[in-house]
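Me: I want to learn how to read aromatic contacts in a model. Can we work through a case together?

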Amino acid sequence: ELTEFQKNQKRYQDLISTLPHVKGWRPKAPLIGYPKTGSTWLKSLTFTIANRSRFNDPTNPLLKRNPHELIPFIEIEFPLFPHIDVLQDQGNTLFATHMPHDFLPDSVVKSGCKMVYIWRDPKDTFVSFWKFMQKQRSTRGPLNSLEECFDMFCRGISGEGPYLDHVLGYWKAHQENPDKILFLKYENVSADPLPYVKRLAEFMGYRFTAEEEKNGVVEKVVNLCSFETLKNLEVNKGDKERADISSPNVNRAFFRKGKAGDWVNCLTPDMAARMDGLMEEKFKGTGLLE
Ligand code: A3P
């Protein structure tokens, strides 16, 4: 007798098998992966902001665990690993997703929950993504070359589907409902984190008090969640992996360079011009390029 979960799994596998297939970034892969736009950073910031009354600096679990262990993905941990501690924790109100806006279930959209979206220059997203996949354990064959994957990425073939449409989908939703969806850009937060972290806290309903600001709490949050701090934590070094579930990625894979504009070391000017052209075409008149 199949369980409810297995029945659903079969239903979706049957449905997926009817969809058109194209080759992925690995020879045997269905399209999988994460948009590399700063989700790990956003997870650490939102976790620290929302839990600052539960933990003080030295007891923050972020110091001992990878940020992905602290905020579950609704499409990964939630259906597949419901037993993990973060999903048993009634105090946790934070969830993550890489799903495009159109794919969000009604239970999320209609819940009235707030959403924070972070996006990034597609050239950096691509490079970050390809480098990440290079480090990933996979039984699906070696990753295709950077050039081949770049061509696929430009044609909208990558994990989570076309990147520019992903951004545009959430941008439109943000414009329709600015009080519910906060839109952040990696490059802007990276250049000057403090005002964005204050804005984020306010948006989430965890505004920093005047006293906290005076006591440097915002700076502490920024420093704790900084690339340098997280990358150098023992838990995110070497071959350490998250303890609660098995993952194809070691913790350190989530921390590579943490810089805006690193694409310049990997893409040719022609590749950059192609991606920029696609972005300009897609985002023209939307306000996203301002
Ligand atoms: P690079 O590969 O360009 O270094 P995601 O978290 O969505 O998977 O995105 C990964 C990207 O965010 C990687 O970019 C990673 O180095 C960077 N990153 C991770 N933690 C960060 C932090 N605390 N601050 C800034 N960037 C961070």
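This is a predicted model: local features need pLDDT of at least 70, side-chain atom pairs count only at pLDDT 80 or more; totals for chains, interfaces and linings use all residues.

Me: Which ring pairs with Phe254, and how are the planes set?

Reply: Planes under 30 degrees apart count as stacked, over 60 as edge-to-face and the rest as tilted. The partner is Phe132, with ring centres 5.2 Å apart. The planes meet at 55°, so the pair is tilted. Phe132 sits in helix H7, while Phe254 lies in the loop between helix H14 and helix H15.

Me: What sits over the ring of Phe132?

Reply: The charged end of Lys36, 3.3 Å from the ring centre. Elsewhere, the charged end of Lys114 lies over the ring of Phe203, at 4.8 Å from its centre.

Me: How many aromatic pairs are there?

Reply: The count is 15 aromatic pairs. One of them joins Phe126 and Phe150, edge-to-face, at 5.2 Å centre to centre and 75° between the planes. Phe126 belongs to helix H7 and Phe150 to helix H8, 24 residues apart. Both Phe126 and Phe150 are buried.

Me: Which residues do ring pairs link into a cluster?

Reply: Trp25, Phe126, Phe129, Phe150, Phe153 and Tyr163.

Technical notes: Residues are numbered from 1 along each chain as its sequence is written. Side-chain values use heavy atoms; hydrogens and water are left out. Rings of Phe, Tyr and Trp (its six-membered ring) pair if their centres lie within 6.5 Å; planes under 30 degrees apart count as stacked, over 60 as edge-to-face and the rest as tilted. Helices (H or I, at least four residues) and strands (E, at least two) are DSSP runs, numbered from the N terminus. Buried means under 20% relative accessible area, exposed over 50%, partly exposed in between (1.4 Å probe, protein chains only). A charge sits over a ring if NZ of Lys or CZ of Arg is within 6 Å of the ring centre and within 35 degrees of the ring normal.
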